[in-house]
Amino acid sequence: NLILAFESSCDETSVAVIEDGHKILSNIVATQIKSHERFGGVVPEVASRHHIEQITFCIKDALKEAGVTYADLTAVAVTYGPGLVGSLLVGVTAAKMVAFAHGLPLIPVNHMAGHIYAARFAGELRFPALALLVSGGHTELVYLAGPNDFAIIGETRDDAAGEAYDKVGRILGLTYPAGKEIDALAHEGQDTFGFPRAMENDDNYDFSFSGLKSAFINTVHHADQVGEVLDKKDLAASFQQSVVDVLAEKTVKALKNYPVKQLILAGGVAANQGLRARLDQELKSFAEVELLKAPLKYCGDNAAMIGAAGYAAYQAGVVADLALNADPSLEFDWLEEQEN
Ligand code: ATP
Ligand code: MG
Ligand code: FE
C-alpha cells in the first residue's frame, strides 16, 4: 500500500509518500515561516499564494525522493479541514487532480486526526487510547475507541496552548512562532512568578489559557511602567510551568477515569521538552498505560502524518468523491458525515 499524502491547512505545504501507513518513503515540507514572521502570525492570503507556488514542486520531489511513480500508488490522502480555507483548497484541489488523472481513491483526512497519527511513527497505536492533542489552534483530550473513532472529552474554552505560547512570545519580543524558544528559555529559568493554573480543580477535562496570558501581559506591563527589568528566563519558566501543570493534571485526571492502553501526545506543542518530560514522569503511576509521543520531527504540520491517518481511514473504507470540499471548521464527527 502506497499513499501519496497532502497537507496544506496552514503555512506548511507538504507532500509525502507513505508505505503501509507507517514507513515514510518521503516527506517534503515547504515552510512559509519566513514570509509570515514579520506579521507575527500567518496571513491567509500570503499562505494560499505560497501553497499554489509550492505544491507541484512538492509532489515532484515527494515522488522522486520515494523512488516511485504515479502508477505505483494505491491511493491519495488529503487534509480537508480544519484550517484556513484558501490554504486547504490548494491541497484538496491538487489531491483531487491526482486522484482523477490516475484513477486513485481519494481519502479525506481530518488535520487533527493527522496530528494524532504522527504518533504512529513512534509505534503502533493500540485502542482504546487517549490523546493529548496540543497545537497552534487546538488543545484537546481525545478518546480513541478505535482507529477512526475519535471523541473529544475536553478542550480549551479560549486560547489554544500554542496560541498562548506565540502571544507570550510576542510580549517577550521573540520571533513567531515562539514555542520552541520559550521552551529553551524555560529550561534556564525558574517558576518565580507563580502564574495562575486555570480550571485546575474543576471537575472536567477542559482548559483555559487566556487568564494565564493576561496575567503574563499584566506582569510585564506593570514592570515596564515602574521601570523594573524582569528575567526573561524566569518569565518563560513560570509560563511554561503553568501550561505544563494544567495539561498534565487534566491528562492524569482523564487517565484515572478512562481505562486506556495508550496515552498519545501529539500536535505542534507536543514538541515541548518540559511537557514530554512531565508526562514521562506522570505515566510512571500508570504501569498499564503506554506513552506514545509523536517523534519531534513529526509534531508540527507535515504530510507524513496525513498519510498515516489516511491509511487507517482507507482500511476502514473511507473514500471521498471528487466533490470533496475544504471544511475550515471540520470537527471530529467526520466519519459520520462521510456515511451520510
Ligand atoms: P492546528 O494544528 O491546531 O490547526 P497549527 O497546525 O498551526 O494548528 P501546529 O503546527 O500543530 O499548529 O503547531 C504549531 C504550534 O506549536 C505553534 O504555536 C508553536 O509555537 C508551537 N510549538 C512548537 N514547538 C514548541 C515547543 N517546543 N514548545 C511549545 N510550543 C511549541
Ligand atoms: Mg505551522
Ligand atoms: Fe497542525
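Which residues does the UniProt annotation "domain: Gcp-like" cover? In the unreviewed entry, this annotation runs over residues 23-307; such annotations may be inferred rather than shown by experiment, and positions follow the numbering used here, with feature names shortened. The model is predicted, with local features needing pLDDT of at least 70, side-chain atom pairs counted only at pLDDT 80 or more, and totals for chains, interfaces and linings using all residues. Residues are numbered from 1 along each chain as its sequence is written, with chains lettered from A and ligands numbered from 1 in the order in which they are written.

The end C-alpha atoms of residues 23-307 sit 10 Å apart, and the span is 45% helix and 18% strand (DSSP runs numbered from the N terminus: H or I of at least four residues for helices, E of at least two for strands).

An open, mixed sheet has 5 strands in the order 3-2-1-4-5, where pairing takes at least two DSSP bridges between two strands. Strand 3 (23-31) and strand 5 (106-110) are its edges, each pairing on one side only. Strand 2 (residues 12-19) runs antiparallel to strand 3, joined by 8 bridges, and Ile18 stands opposite Ile24 in strand 3. Helix 3 (residues 85-102) packs on the sheet, touching strand 1 (2-7), strand 4 (75-81) and strand 5 (contact: C-beta atoms, placed from the backbone, within 7 Å).

As for helix pairs, the axes of helix 6 (residues 179-186) and helix 8 (residues 232-257) come within 7 Å and cross at roughly 105°. Axes are lines fitted to C-alpha atoms, for helices over the stretch in contact, with angles from 0 to 180 degrees between N-to-C directions. The two helices are therefore roughly perpendicular (65 to 115 degrees; under 35 is roughly parallel, over 145 roughly antiparallel, the rest oblique).

Note on methods. Two residues are in contact if their C-beta atoms, placed from the backbone, lie within 7 Å.
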